[in-house]
Amino acid sequence: MKWSSSHIPTLREAPQEAEVVSHQLMMRAGMIRKLAAGIYSFLPLGWKVIFKTEAIIREEMNRSGAQEVQLPFVQPKELWEESGRWSLYAKEMARLKDRHEHDFCLQPTSEEAITDLVRRDVKSYRQLPLNFYQIQTKFRDEIRPRFGIMRGREFIMKDAYSFDIDEASAIKSYEEMRKAYRRIFTRTGLNFKPVDADTGAIGGSRSEEFTVLADSGEDEIVSCESCDYGANQEKATAKIKAPEASALQNLEEFATPGLKTIEDLGKSLSLSTSALMKTMIATDSEGRCIVVLLRGDHQLHEVKLGALLSKQKNLKGVRLATDEELRIWKLPKGSLGPANFPRENFSKGVLLVVDDAISESASYIGGANKEGFHFRNIQLTRDAKVDVKGTIRSVQAGESCPNCGRDLKIFRGIEVGHVFYLGKKYSEAMKCEVTDESGKLKPIEMGCYGIGVGRTVAACIEQNHDKDGIIWPLSMAPYELAIISLGEGAAVGEAEKLYQEFRAAGVDVIWDDRSASPGVKLKDVDLVGIPYQIIVGEKGLKNQQVEWKIRAGSLKEFVALTEIREKVLRILSEDRETLKKKAMSIL
């Protein structure tokens with residue numbers, strides 16, 4: 001392709017709304033343009049990168065035995081009601097009515113549609129296992145779309161769904177997808193880490209998130225560098241050295257006027273907040289009172305709290321109570337605690353949930369449930385009845401790895417892929433059944449597997465850039481090679497000759513044949529991020545040489561015209577094969 005024939009509208013400055021590097025550089029490099037909040041048009045250069053990323057995904061999905069399908073973007077309400085997710089997705093799901101007043105949604109994901117497809121056609125265990133995938137547009141009406149295509153409302157996603165006769169076969173399919181994902185992200189050249197994660201609205205009993213490590217990431221990743229433990233903060237746990245049991249002492253009430261926060265209380269007593277007990281009030285969709293206890297130096301993770309209560313008590317819609325709810329319940333915010341809690345005031349009962357870093361036999365200071373007063377010597381074994389215990393806090397750097405006991409570290413990450421073992425969550429709800437060997441009907445075991453295609457592209461830029469622009473790995477670059485002719489005359493002729501030779505050799509090459517200044521051309525090619533560059537100038541041609549530049553790093557050298565073709569083809573071939581060979585070791 002000739003640059004003069006291409007639509008590559010580069011910008012010298014990024015738009016003000018572009019907050020992260022990938023958003024800034026994709027706008028500046030002429031890859032995307034904003035149509036509406038969280039909705040972007042891909043320009044030719046950006047679409048080429050998407051196309052190359054999809055090609056890697058397709059190749060590895062096909063290698064795994066998955067078959068490509070295309071499911072409807074607009075889906076009927078009835079399917080989502082069968083699974084119970086029509087109301088669960090709430091405002092994130094874009095809903096519409098057709099001319100007959102029938103309800104539909106724009107698919108945020110396609111578990112319902114694929115389950116319906118399979119239950120219509122698959123009747124016997126002999127037709128299993130199956131795995132179907134699609135690469136298609138999705139829509140989720142994010143309350144705050146941001147970061148360009150990294151968190152948009154409309155986005156491109158690869159989603160796959162496996163179907164098996166039993167749990168053992170389903171786990172085998174799940175493991176095959178985990179391997180395929182590792183191959184995919186290895187071939188993109190990303191520095192990534194698979195981590196345990198919460199299943200969220202997708203559901204199921206097991207999931208793993210593929211995270212690209214980057215400072216701009218929204219996810220907090222807890223990782224051990226001494227072993228392979230890694231988890232999203234929503235799922236992370238740690239070993240805690242529990243304090244020793246304390247001798248029982250009488251509760252001692254003392255006044256704490258004006259002290260509303262745990263930090264204020266600790267300062268007033270000259271104590272570390274780890275010696276204090278933090279009490280919070282939550283509620284659920286039924287309006288129950290849930291008392292939540294954490295160590296004073298720890299922070300509640302609401303997703304963990306909700307997941308724990310959903311699993312152990314089947315509570316739904318768990319959230320922190322509002323100040324108004326505390327007022328109605330006559331609970332003094334800032335002076336709450338488990339001892340002498342007014343359980344009798346709640347007709348639906350009170351549930352006490354305790355983080356596992358709290359020792360039930362140690363003594364703590366906590367609220368006395370009376371405005372401006374606290375207790376010393378609270379011991380849960382005597383002063384409260386614990387209903388649920390588990391990890392409901394955010395794990396902190398320096399805590400001990402649950403596997404090997406070494407220190408944990410905290411990283412920022414960008415989620416680019418997610419695999420879920422769903423089990424029978426959708427097949428039971430939607431009656432997706434087959435006959436087994438004995439002729440009995442049984443629900444199919446399912447898994448689902450997603451990759452954010454646009455997110456993968458954005459994450460690649462977050463990891464691969466410098467002050468001059470993007471630095472694409474060869475596998476994702478819009479073009480493998482750029483030829484830049486500087487000046488007129490002989491430089492143009494030699495550049496065109498090289499351009500035609502490399503095109504004939506199958507190289508994805510772009511020639512900057514514009515009449516723009518050398519500075520503009522060189523800045524544009526670096527901004528766009530073409531990994532390999534040949535610069536043809538009058539000065540070099542006097543010595544029958546061209547300048548060879550590798551975008552990653554600082555290598556620039558003059559190479560003889562007679563040698564440049566062989567050198568470039570050899571380097572490109574080696575580069576193409578390096579990541580593929582590394583990925584194939586994961587088979």
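This is a predicted model: local features need pLDDT of at least 70, side-chain atom pairs count only at pLDDT 80 or more; totals for chains, interfaces and linings use all residues.
## A strand covered on both faces

Strand β8 (residues 154-164) runs antiparallel to β24 and is joined to it by eight bridges. Strand β21 (residues 408-423) also pairs with β24 in the antiparallel sense, over six bridges. Cys448 is a handy place to look: Tyr161 stands opposite this β24 residue, and Phe420 stands opposite Cys448 as well.

## The nonpolar cores

The largest nonpolar core has 62 residues, and Met31, Tyr181, Phe185 and Trp472 have the most contacts inside it. Helix α6 (residues 167-187) supplies the largest share of this core, with seven residues. Apart from this core lies another one of 24 residues, including Phe502, Trp511, Tyr532 and Ile550.

Met31 deserves a visit of its own. Leaving aside residues up to four places away in sequence, Met31 touches a set that includes Met26, Phe42, Leu43, Leu45 and Val49. Among its other contacts are Ile470, Trp472, Pro478 and Val528.

The structure holds 13 aromatic pairs. Phe185 takes part in a tilted pair with Phe192, with 5.9 Å from centre to centre and 55° between the planes. Phe185 also forms a tilted pair with Phe210, at 5.9 Å centre to centre and 35° between the planes. Phe185 belongs to helix α6 and Phe210 to strand β10 (residues 206-213), so this pair ties together parts that are 25 residues apart in sequence.

How buried are these rings? Phe185 is buried, with a relative accessible area of 0%, and Phe210 is buried at 0% relative accessibility. Phe192 has 18% relative accessibility and still counts as buried, because the cut-off is under 20%. Together with Tyr181, the residues Phe185, Phe192 and Phe210 form one aromatic cluster.

## Charges over rings

Two further spots are worth a look. Lys48 lies over the face of Tyr479, at 3.8 Å from the ring centre. Elsewhere, the charged end of Arg376 sits over the ring of Phe254, 4.0 Å from the centre of that ring.

Conventions: Residues are numbered from 1 along each chain as its sequence is written. Side-chain values use heavy atoms; hydrogens and water are left out. Two strands pair if DSSP finds at least two bridges between them. Helices (H or I, at least four residues) and strands (E, at least two) are DSSP runs, numbered from the N terminus. A nonpolar core is a set of buried Ala, Val, Leu, Ile, Met, Phe, Trp, Tyr and Cys residues joined through side-chain atoms within 4.5 Å. Buried means under 20% relative accessible area, exposed over 50%, partly exposed in between (1.4 Å probe, protein chains only). Contact means heavy atoms within 4.5 Å. Rings of Phe, Tyr and Trp (its six-membered ring) pair if their centres lie within 6.5 Å; planes under 30 degrees apart count as stacked, over 60 as edge-to-face and the rest as tilted. A charge sits over a ring if NZ of Lys or CZ of Arg is within 6 Å of the ring centre and within 35 degrees of the ring normal.
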